[in-house]
Amino acid sequence: MSEQYPALLVVVPLLSALVVSIAGWINKRLCFPIAVAALGVAAWSAVGLLLRVLDEGVIVYKLGGWSPPMGIAYYIDYLNGLVLPVVSIVALLNLIANKKGIEQQFPDKIGPFYTLYLLMVTGLLGIVVTGDAFNLYVLLEIAALTGYGLLAMGEERAPLATLNYLYMGTIGACFYLLGVGYLYIVTGSLNMVDIARLLPPLYQSKAVMAAFIICMVGVWLKMAFFPLHAWLPNAYTYANSAASSLIAPLVTKVMIYVMIRLMLTVFTPEFAFTTLAVSNAIVWLAVIAIVMGAVLALAERNLKKMLTYIVVAEVGYMVGGAWLGNRDGMTGAILHIVNDALMTLCVFMVVGNIVYKVKGYAFEDLQGLFRKMPFTMGALVIGAMSIIGVPPTCGFFSKWYLIVGAISAGHYGFMAALIFSSLVSVVLFFRVFEICFYEPFADHHGHDNHPGGMDEAPVSMVVPLLIVAVILIVVGLYTGDIVNHVIQFAIPETMV
Amino acid sequence: MKIIGLIITVVTGALLFYAAGDFPAWSDPASPASTYLSPHFIEKTMEETSVPNIVTAVLADYRSFDTMFETAVIFSAGVVCFFLLRISRREDEEPETRYYRHVLTGVTIQLKEGHKMPPSADFERIDSMWTPPDLIIKTGCRLLIPFVQLFGLYVIAHGHHSPGGGFQGGVILGASVILLAISHDLRTAVRRMSEKLIGILCAAGVLIYACTGALCLLLKLNFLDYSALAGILHVDPITARSHGILMVEIGVGIAVLATMIWIYNNISSAGRYRQGL
Amino acid sequence: MTDLISMVVAKYNYWIYITLMMIGLYAIIAKNNLVKKIVGMNIFQTAIILFYVSIGVKKGATIPILEHGHGPDAHHVVHAVDYINPLPHVLMLTAIVVGVATLGVALALAIRVYNNYNTLEEDEILAQIREK
Amino acid sequence: MNMETIISIKPLLAVLVSLLVVPILVLSGKRPNVREACTFLAAGIKFLIVLSMVPVILNGTQIVYTIAEVIPGVAIKLRVDSFGMLFALVSSSLWIVTSAYSIGYMRKLKEHSQTRYFCFFALALSATIGVAFSANLLTLYLFYEMLSFATYPLVTHHQDHEARSSGRKYLLYIVGTSIGFVLPAMLISYSLAGTLDFSSQGFLAGTGSKPLIGLLCFMFLFGFAKAAIMPFHSWLPAAMVAPTPVSALLHAVAVVKVGVFCVARVLTGVFGTDLLFSLNLNVPIIYIASFTIMAGSLIALSQDNLKRLLAFSTIAQLSYIVLGIGLLSPKGMTGGMLHIAMHAFGKITLFFCAGAIFVATGKKNISEMIGIGRRMPVTMAAFFIGSLSIIGMPPCGGFISKWYLVLGTLEAHQLPILFVLLTSSLLNAAYFMPFVYKAFFCRPEDAMFESRVQEAPAFCVVPLVITALISVILLFYPQPFLRLAKMMVQSITGV
């Protein structure tokens, strides 16, 4: 069975999406268990794959039995072996946590919602696992289209925000497609490994450089890398919480993965960092992304929107780290894919719980939440610590690698930006904590005058959230193992 | 915004023009794209899959995994349109007055305050803004639709040997039902193909595709390796590939057919499923 | 000079697709009407499809459907030079489908936007949002 | 110098005890007696674990335990050496006393959210012991930050406007400096040396350029703002809005001592005395510390609020410790380390007294306390002993540490510093003695209290008597603190 994990990983969510869609017309109650079971199988396969990769090295799975480059093949190596479990586990936990929220918000459209959710996960997993450049585009579009659908169901402004996302996302995907076309026209192949084999003699070609740049711009558009980020905050803020807490942690991170995949596998690091003399400029762009993300977040008086700007800043972390051009920076970027997915999930799930109970996420709505929802807020504290970068939460360690990478690259601007963003995060989160902790102010201080007891979200929402919070710390403590056994091998040895 | 747009456009265009300098000339038989993979497809397809239409073979066999997701893309577009637009009966505020038209005589009855007409074949529900469909168009389309559908089926079935296949045929089939909705009204079309049926067909089409692949997996070969079907179909593995392609093409046809109609229904009526356009 | 002209002529497919694509890109960025943007987006996608399909063209070759594919002489030797490259066509079949799907979703979103604001002009919508 | 090491889980247990008790405290929140019993139990166990390691350490052995290898070459790792043991012993023993005091104080004042209070107190203690036992800079930073965040809810316990603004200041100084200075300094050190493990001669020697090392030194010195070295001191007076037990244990012992402990650790374990000496970095450190000592004492003179006065006194006293380390002479360093213990017992007594007065009378300002010695003789007697210890007069422990500091200045040939020390002692006397005098010996008509004896609850009074007594005892039996400090100095300087 285990040799079929690569297929199961993607096919089971797809099949279940179809079955759920049919079940939605027949008996709505079947949808949730099917979805959970499917994502459970996917998570199981993902973990199984990672273990196999650790055991045997790169796994190749030929779809349709055709050898690449004729057919499409999956390549699972250390890089996507690490990202796959993250994607599937994040999706699974978020699904479980949001059951009640989904039923509350879309009583009539449960079937389509789960269908889209599962298709989205299929798309994301497929993007990560595939070894074919064009197949990646198709999966990108699946993830994107379902994402538009999920995001647009929210508040009044959601459709417009999503439509803007759609324009930008389509341009991004088309740019990627165009870049693949350029690579195809000069190499005649679509398979990533095959392209990588054919490319080196062509590195001086204008077409190859253009292909790389176009692909990068496309991917940056999709990951909301500053200054191409404008679509993200509104699209994520006004969406329903189940969708935003799936999409915010995963989509940007998966696109970072695609960027790193292109840089490391399809092209070579030497080409990205040396032949194209743009890496310094991109790191400076990342610095601006981090600073602007932090500053724009400061300007928000709205928890969810603030978090979306933090997502923008975090994208800057990873792009900057990847483009520092050394091993530590790349390690930090890859590690941050994992960590940022988890911590973004954590904080967005918290928002989901708050929205479920309080029906709002503006700062005024948050008063007294430490008393009302202590567990949810506890998770928010841990998530915030991770985003700030306090050990032993995982966010600290990826920041560690990023900063060490910046130091060894001599890029002190990037280091300063990371520190600045940590400091701003402290302000951002403690501003929220202050509101939740102090307000509403009592007339006279002290002495048991804070009325109102606990009003926590349902257990089914709190337990997954707490699991995520614990994972944040556990992953932090196991950083050494992750780096030594996985990420170290994901980066080509030529990179120092 | 216009100036920014212009700048971005010019910069991007300049980059693309610059890069195009290194491209092979148009229709150059020696370009990498024409010499690397394509000779294999052209020369080997027949013996490997026994399908003369190379596009079909590459689409549904060599790169069948792409195509499965392509179908899934279409399916998800259908679901998204439904998810975004469809207004459920509970949320839909019914107009206070309803209009019913006697089909034979054309007499219109107005019922107030949510009264309903008992179901009857003689009367049809109409919206307040109703224009009678043109008799010639109505009749013409009625005559045309069966032939359109027949052609659609032909395109699906003959995809192995001539241009065509599931997508093309599915679109033609879908268009026939949409034609009905345009020439009559949406209610008529929905009566012929209910929403539930369409929804299930949509998923079922993709399911046929994915299950064909999963069947290969159960038969101990890789996903979508149709040669695994040889045992069940009692043919040699190469013919099994050809049959496998047909199976998935049928699935694609069904999915595309249903999704086209589904998208049309939702968009044309903004999710209310009344008269439509 | 003749080099340049011959290059321009030899690669005219690229110039056409780039021009079309830039028209689309400009429309997406600069147009005010949401549906016009959608149209721009479609032009953009179509330009790429054109680009891909033009890759597949081969001088002196025909469409990639084997002649005598069945019948008595089904197994004669096939020469690659006789048929155009099938792969771009396959890819673009996918891209067309994706384009249609995106168009559908975009229109559905536009309808939702119209329901909310009763207009599709972006500046009017933004004005309405600011008023609230 | 090669020290014998043994691997044992004890240091981890010492850290974890107060962490693991938190869920129990939460669950028993409805039954205060059970809750407080658990706190006591945890405090007792913690103290016993720490105590059980003392003989091993006195034998010259180190205890090591690695929790997780998080970054190649850098682990989250605990190591108990004599200096860490000294600090751990002080803070774990005082936690027991403070727990008792907290019960009296919190119950008498009917404070809200007592469960939260005890939970975060336990967390803060975990972090303190963690800092004491850190084997490398990363572990130190981890527990340092944990302590910063764990004490925030304690400082802002009252949840009113004043608490909020103080809390802001607290975070701004403590977290702002640690992220802004310590984190980059730590990472630069890591890139320079490739390790973060403390060693007796530091690990930075010979790695970076002189200006860079100097820069790092000051980033660490000011980055550990818990040490309240001017100009990063003003969080400490602001943090006095906290309930008094918090001020007593955290802002006289745990938190601030963590700050100076970190400074001392970094100066000796990261830079090493030789490096500091060769780059002449000790001179600016000494003068910054001296300035803080003088300025802190002078500002304390003008304070009326008793807790604020104590806060400024703390600021001054903390710099004694930094000064002692900065002297780089064996005696001076011994004095500095010893002052961690001596000042702790003296200052906690003073804070307990201030709290007891507030509990019994509701008064916070010195000007309202004339004649209080007649009302609360035991408390004020303890206050007198505590202030003697701070001034550095016999018969209190403070005398020993000051004595060593004075010897240290002579040893290091820093005569101006000797002058600073002596002046500062005079200033200490100047702000404590008038208050003590007025409390006992004011004219009857000036007294603001009836002469009827009315002390605070026993839970408040007994702890302060105990700490006062320990202060006295420490003069005569300064072991094991003196021995531990000397061992540490010996391992650093070889003398």
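Predicted model: local features only at pLDDT ≥ 70, side-chain atom pairs only at ≥ 80, totals over all residues.
Q: What about chain B and chain D, how far apart are their closest C-alpha atoms?
A: Those lie 38 Å apart, and no contact joins chain B and chain D either.

Q: Which chains share the most contacts?
A: Chains A and B do, out of the 4 pairs of chains in contact. That contact draws 51 residues from chain A and 49 residues from chain B. On the chain A side, the elements giving two or more residues are helix H1 (5-26), strand S1 (59-62), helix H5 (110-129), H6, H7 and helix H9 (206-223). H6(A) gives the most there, with 11 residues.

Q: What makes up the side of chain A that touches chain B, in nonpolar, polar and charged residues?
A: It divides into 32 nonpolar, 14 polar and 5 charged.

Q: And how many residues go into the contact between chain A and chain C?
A: Chain A puts in 23 residues and chain C puts in 25 residues. Helix H6 (133-152) and helix H7 (158-187) of chain A are the elements that give two or more residues to the chain A side. Here H7(A) gives the most, with 14 residues. By type, this side splits into 16 nonpolar, 4 polar and 3 charged.

Q: Why is chain C called more spread out than a compact globule?
A: For 132 residues the globule rule gives 14 Å, but the radius of gyration of chain C is 22 Å, well over that, so chain C counts as more spread out. Its C-alpha trace spans about 75 × 50 × 10 Å along the principal axes. The chain has 5 helices and 0 strands, and 46% of its 132 residues count as buried.

Q: What makes helix H5 (residues 64-85) of chain B largely enclosed?
A: A residue is buried once 20 or more other C-beta atoms lie within 10 Å of its own. In H5(B), 22 of the 22 residues are buried, so the rest of the structure largely encloses this helix.

Q: How do you know that the length of H5(B) agrees with its 22 residues?
A: At 1.5 Å a residue the helix should span 32 Å, and its end C-alpha atoms are 31 Å apart, so the two agree.

Q: How confident is the predictor about chain A, and where is the pLDDT below 50?
A: Chain A averages a pLDDT of 90, and 98% of the residues score at least 70. Residues 445-449 of chain A are below 50, and this stretch has 13 contacts in the model beyond near neighbours in sequence.

Key: Residues numbered from 1 in each chain as written. Chains lettered and ligands numbered in written order. Contact = placed C-beta atoms within 7 Å. Helix = DSSP H or I, 4+ residues; strand = E, 2+ residues; numbered from the N terminus. Nonpolar A, V, L, I, M, F, W, Y, C, P; charged D, E, K, R; others polar. pLDDT = per-residue confidence, 0-100. Expected span 1.5 Å × (residues − 1). Buried ≥ 20, exposed ≤ 12 C-beta atoms within 10 Å, placed from the backbone. Rg over C-alpha atoms; globule rule 2.2 N^0.38 Å.
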